[in-house]
Amino acid sequence: MAADTPVEYIKHHLTNLTYGKLPEGYERADGTVLEQATWTMAHTGQEAMDMGFMAIHVDTMGWSLAMGILFLGLFRSVAKKATTDTPSGLQNLVEMSVEFVQGIVRDVFHGRNPIIAPLALTMFVWIFLMNSLKLIPVDYIPSLAHAMGLEYFKIVPTTDPNGTFGISLGVFLLILFYSFKVKGVGGFTKELSFTPFNHWSLVPFNLVLELLALIIKPVSLALRLFGNMYAGEVVFILIALLPLWVMWTLHVPWAIFHILVVTLQAFIFTTLAVVYLSAAHEDH
C-alpha cells in the first residue's frame with residue numbers, strides 16, 4: 001500500500017473510497033485543473049473533503065448492499081430447503097438467529113405490530129454481517145483494491161458514521177411514524193408537552209426536554225455502533241504496523257475477542273431500536 005510512514009498508513013486505511021463532485025477550476029493532487037465541475041473519484045483525503053455533503057462513500061454503500069444481499073440470499077435459500085428431518089448446520093444457525101431475535105422482541109416490545117420482529121431480525125443479522133467484515137485482515141481487501149487502481153478502500157460499513165447514521169435515521173423515521181399513527185398528532189403532541197411534568201406552565205421546558213431526548217435516540221444509536229467498531233478497526237491497524245511475529249501474536253486473540261464485540265454491538269443496536277419502537281407504540 002502507498003504509505004511511507006505509520007501515520008500515512010493509518011490515514012490511508014481510515015479513508016473511504018469517495019465519489020463526488022469537484023468544482024470548476026479545482027486543482028487536483030496531480031496538478032490537473034478541472035475546466036468544468038466534474039463528478040469523479042477522490043484521489044486524496046482532501047479531495048474527498050472538498051466534495052462536500054453530496055459525496056458518496058462507494059465502499060460503504062457497496063459492502064452494505066453486499067451484506068444485505070448475502071443476508072437475503074442465505075435466509076431465502078434456507079427457507080426453501082428447510083426440513084424437519086435432518087436440518088443442515090446453516091438451517092440450525094438461521095433458526096437460532098430467528099429464535100434469538102424473537103426472544104428480544106417478546107421481552108422488550110409491548111405493542112402489537114407484525115413488522116417489528118422481521119425488522120429486528122433484519123437489523124441484527126445485517127449489522128452482524130457488516131461488523132464481521134472486520135475479522136478479515138486489514139490489508140487483504142485494500143491491497144487487492146489498490147492493485148485494481150482504487151486508491152482507498154474500507155470494507156467495514158459500520159466504521160463509517162455515514163453507514164451507522166443511515167440505519168439509525170431509518171429507525172428514527174419509524175419511531176416518528178408509529179408515534180403519530182398510534183397516538184395521533186394530538187396525543188403525541190400532548191405527550192411531548194406534558195411529560196415529565198404534567199402542568200401547563202412547564203410545557204416549554206417539557207418540549208425542550210422531550211424533543212432533545214427524541215433527537216438523541218438516533219444519534220446515540222449511530223455513534224455507539226460507530227465508536228465501538230471504529231476503535232476496533234484502529235487497533236487492528238496498529239497491530240498490522242508491528243513486526244510480523246508480534247502482529248500474529250496479538251492479532252489472533254484480538255480477533256477472537258472481537259467476535260464478541262461484533263455480536264454484542266449488533267445485539268445492543270437491535271435491542272435499543274426495539275425499545276424505542278415499543279415506546280412509540282405506547283398510548284397513555
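1. Basis. In this predicted model, local features need pLDDT of at least 70 and side-chain atom pairs count only at pLDDT 80 or more, while totals for chains, interfaces and linings use all residues. Residues are numbered from 1 along each chain as its sequence is written, and side-chain values use heavy atoms, with hydrogens and water left out.

2. The largest pocket. Its space is about 700 Å³. A pocket here is an open set of points on a 1 Å grid over the protein atoms alone, with protein on both sides within 12 Å along at least five of seven lines; lining residues have an atom within 4 Å of a point. Volume is the space filled by probe spheres set on the points, with grid points joined across faces, edges and corners. The lining holds 30 residues, and Ala55, His57, Asp160, Asn162 and Gly163 lie nearest the centre. Two or more residues each come from helix 2 (45–50), strand 3 (56–57), helix 3 (58–81), helix 7 (161–193) and helix 8 (203–240). Helices (H or I, at least four residues) and strands (E, at least two) are DSSP runs, numbered from the N terminus.

3. Pocket make-up. Helix 7 gives the largest share of this lining, seven residues. The lining of the largest pocket has 16 nonpolar, twelve polar and two charged residues. Nonpolar means Ala, Val, Leu, Ile, Met, Phe, Trp, Tyr, Cys and Pro; charged means Asp, Glu, Lys and Arg; the others, Gly among them, are polar.

4. The largest cavity. A cavity is a set of grid points where a 1.4 Å probe fits but cannot get out. Two cavities of 30 Å³ or more are counted. The largest has a volume of about 130 Å³. Of its 14 lining residues, Val138, Pro142, Ile155, Val156 and Glu233 are the closest to its centre. Helix 8 supplies the largest share, three residues. Ten lining residues are nonpolar, one is polar and three are charged.

5. The second largest cavity. This one holds about 30 Å³. Its lining is Leu221, Arg224, Leu225, Gln265, Ile268, Phe269 and Leu272. Helix 8 and helix 9 (244–280) each give two or more of these residues. Helix 9 gives the most, with four.

6. Phe53. This residue sits in the loop between helix 2 and strand 3. Is Phe53 buried or exposed? Phe53 is exposed, with a relative accessible area of 80% (buried is under 20%, exposed over 50%, partly exposed in between; 1.4 Å probe, protein chains only).
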